[in-house]
Amino acid sequence: MKFTLSWLKEYLKTDKDINTILENLTNIGLEVEEYFDQYSVYKDFKVAKIISTKKHPNADRLQLCLVDIGNDKIEVVCGAKNAKEGLTTIYAPVGSTIPDSGFKLKKAKIRGVESLGMLCSKKELRLGEDSEGIAELSDNFKAGKPITDALNLNDIQIEIAITPNRPDCLGVYGIARDLAAAGVGKLIERDKKEISVSGEKFPIFLDYKNQNDACSIFSGRVIKNVKNTKSPEWLINKLEAIGLRSVNCLVDITNYINFDQGRPLHVYDLEKISKKIGARNAKKGEEIQALDGKNYKLDDDICVIADDEKVLGIGGIMGGEYSGSSMDTTEIFLESAYFDPVQIALSGRKLNIMSDSRYRFERGVDPTYVLEGLEYATNLIIELCGGTAEEISVIDNRKFVNKKINFTPELVKKMTGLEIKNKIIREILLSLGFKVSNDWELTVPSWRPDVSINEDIVEEVVRVYGLNNIKSEPLFNDQQPSKSILTNKQKNLRLIRRIIASRGLLETISYSFINEQDAIDYGGGINSLKVLNPISEELSDMRPTPLASIINTADENSKRGYGDLGIFELGPGFSGKNADDQIIIASGIRTGSYRLEGYGKDWQGYNNVDVFDAKKDVISVLEELGVNNQKIKIKESAPKYYHPGRSGQILTEKGNIVANFGEIHPKIIKEKDFNIAVGFEIFLDCIDLLQERKSIQTAPNIYNLQPLKRDFSFIVSNEVSAQTIIKAARNSDNSLIKSVKIFDQFLNEKNKSIAIEITIQPIDHTLTDHELEEISLKVINSVESATKGKLRS
Amino acid sequence: MTYSESLEEEILKKISLTENQDALEEIRIAELGKKGKISLLMKDLSKLSPEDRKEQGSKLNILKKNISNAISSKKNELANIELEKRLLEEKIDVTLPVQVSQSKHGKIHPVSQVLDEISEIFGSLGYKISEGPDIETEHYNFNALNIPESHPARQMHDTFYLNSDNAKEKHVLRTHTSPVQVRTMEKDKPPFKFISPGRTYRCDSDQTHTPMFHQIEGLVVDEETHLGHLKWTLETFFKSFFELDNIEIQLRPSYFPFTEPSLEVDVLCDRSGSVLKIGEGSDWLEVAGAGMVHPEVLKSSNIDPKKYQGFAFGLGVDRLAQLKYGIPDLRTFFNGDIRWLNHYGFSFLDIPTLSRGLKK
């Protein structure tokens, strides 16, 4: 909401300086976003007259202008086509700052000729949008006159952010009322002139039917013999100061009252209205060309203003092109109505039209100001355009009654901690326009649709009293020193992040949405996870896994010349819309030769990453988190975005997925800037179940007897996995065999030879040769039967 | 052959001239071996008279001992020479560069680090961490927070909608972390004291907005918590977070449908230099939105607003990270440029704790 200081002062008598006013605006919740002090910005600029022009000796498009600036005649280089003898324009001297660019003028040679300052366009001075040529002023202005005087640029423009609950401050009068309540000055009531009325009531109707009463008050009157003209200077200046374009006097008056009082009005050309005017439901399929020049198809829940044959406007949102006023208009129907906020919001959104009128109606205008606004506008129209007003027609189905609230003043202290005397609370509420009875029954002013409960009143009181008076009061922590606040899952997440980083990977955070093709490639892309209004096509689908995001991140880095890298992300992956369909996945990727040991060419030799680098990352995490490796198994091959022969999946005994790891499928990295990538995904939800969390440990088993090691070598089919051999050996004697290690493997075409080392831990006696022989036999039998292989002789 | 003084000299000389271990061994066999000179002389002793035998015997014993010592010390000497020679041959260029494990190159993203810092502070104040889904129903994201369908505030949110196969329940990407308030409260009974960090989404993208960003929500609900407690909590938090004693905050009235009264929180800062400084100067910087929980929100969570009240606040995590660590451009947070991650990222060992201080 924009306004000027002088406009505000029409309604606020105050001797406070501008800074106090700005500070108070913010303090009462009308946050000052910007202010523009015209005098300080424009004080250096002067009216100038061009005496003569000649061509610049070194540039075809430039001219040398001899300029009269009052006390002197100087030469200025100018590139504008409209610079010619006799033109009155604006001169910026050396040392002044051009408002639009913030550029400070210095003495400068332009193509070899010295220019003392410059002649400015309106755009450069932020005095208008016109950037074609230099400003053209009225010849009546004397050369040398400061433009602050000539153009009346002594005001301060203020822009405040109005929160959606404060429609009462969408007019300058309302802002003045709020400032007055905060003690910044005294509210000045507007003079109300009596209007002499002649003629008849114009026939109106109110025929809207739906759940909500879209239009509950409809009123208006005819004014005849008006002469629509260009608006007077003061009105144009006021509108331009807040960024509105002057259209014609009738339209300008309604716009002015919209910003002055927060009361939208509309002027119809009476000639275009057939017989009567009123509000009704649109008929399905009806169309209207609105004032923004666009054609809108209407629906039957939209409230329109119509005569007995056609639609004239979209009620409360925008008038129609056809029925609007023009310079030829001599008879008008002036409308003032009350439209329901909910219905306006829904219609506005449906038709996708924004207007100053919709903006006010959907926030809630003062329903008691309908007729007063109409009178105000009538007065101004008669004053500026002449004419005679006829009787007001009005249908009021709303019969507005002010809200009542039984207030408990003790609530102020209870909610804010502030001790404010009841007397002061009462004064604040009165100054805001509330009526307050002796037993605190409050009558809410008609312009405050946002106030309806006790808490709202508390807000009004502290807002005006000053939120900054609130004193800090310690909220004691009853659990000092505090115990852990994290759940096991939250602990795991934090730990995993740091474990993965400790393996040389950089943590990234990427958007949760990716493009459709990627979503499909990574097992997603379902319809219900598509964003209806994505910010770009690249961000259209909720990702099934963060892996899909970070591969692209890796690619972008590769394209910048960093092809060997490791990155990871701990973030959500989505398989559906429900809360349970979102899981946290720790995903990592290594490209090129980025291994824990080092990367890039090296004299000691180097290798590209392989599936085992990814597996090491996963196993390191699981081991550090205390996952019992007896409770997990590895399935060969992972989801389709991994290399089918070089990937694996870690599962719980029940078959839940703990992690995927492997080489990324060559098809996926085909288009990328690296030739190999390995990655992993760890699913946090599963891990908690696999952990043993004991605060008190049992005593460790420390044996006095030395462990023994025995080696075996088996020939098995290539189909047999290492995991099968280890498991078979391990399970052949669970009490004595402590570990099984593979230390060698030879691959032939069909068979492979696997060498394992068994560690045997004797418990209570030294094992005899016979006992050792028995263990060996058990290992051999178990492995041979599990693998259908043979001990190598 | 008999013993003579010259014999010892002669043998010692031979030993001292020897240059390698093999020759030395030959000498040992020739002198001390079973058929060596000294052994033979020993054997010959039996032919002598008892007196001579005794005298010659003791001389021969000394001779034998001296030679044997001389050989073993010569052996050590030769072994050392040989070792030194071999070691010199084994010399390698130790100036060759080595590869060091990549572990120290791993880094933690500033947002994660700052979230850890925030959790640490609120954890010490007894807050739990409560989380909710990124894909929300309109109910939790809006309606339950007192933002009905027609509310103008819905437009302020620039909401991302998901494709809806049934129009009854529309899903959105949550526009704030506030839905977690309701989700958490409806599952449990008051009092409540928790924070909810997470990803939030708005259909907006420019220099200071990214379509995804992080928020942290705080909520305290009991029978008497009021705005004075909120002010203390935020002051305490900012002091601890920025590790500054001179934090000054200002409360400004504002509007959020889910709080009443609503306010915005500014911290004092200095914008005059090239780097924004918190806790000095005369400018104000908006850092949080807050207020007393709206009775309608309590009702949506099945809590009696006549008995319970409390405050809620929301902080922008990315922005806090920008302020604390001087990171200029928000967009760089989420594009994964490894040069940026390396520069602004934190060591995995740098775990923020209050006893250590949040900053290393």
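The model is predicted, so local features require pLDDT of at least 70 and side-chain atom pairs pLDDT 80 or more, while totals for chains, interfaces and linings use all residues. Residues are numbered from 1 along each chain as its sequence is written, chains are lettered from A in the order in which they are written, and side-chain values use heavy atoms, without hydrogens and water.

Chain A contains 21 helices and 41 strands, which are DSSP runs (helices: H or I, at least four residues; strands: E, at least two) numbered from the N terminus. Its radius of gyration is 41 Å, well over the 28 Å that the globule rule gives for 793 residues, so chain A is more spread out than a compact globule; the radius is taken over C-alpha atoms, and the rule is 2.2 Å times the number of residues to the power 0.38. The C-alpha trace of chain A spans about 125 × 85 × 60 Å along its principal axes. Of the 793 residues in chain A, 52% are buried, that is, under 20% relative accessible area (1.4 Å probe, protein chains only). Contacts (heavy atoms within 4.5 Å) between residues of chain A at least 6 apart in sequence join residues at least 24 apart in 69% of cases.

In chain B, helix α4 covers residues 50-89. Its 40 residues should span 58 Å at 1.5 Å a residue, and the end C-alpha atoms are 58 Å apart, which agrees; the expected span is 1.5 Å times one less than the number of residues. Buried residues of α4(B) include L60(B), L63(B), I67(B), A70(B) and K74(B). Their cover includes α1 (5-17), α2 (21-32) and α3 (37-44) of chain B.

Technical notes: Buried < 20%, exposed > 50% of the residue type's maximum accessible area, 1.4 Å probe, protein only.
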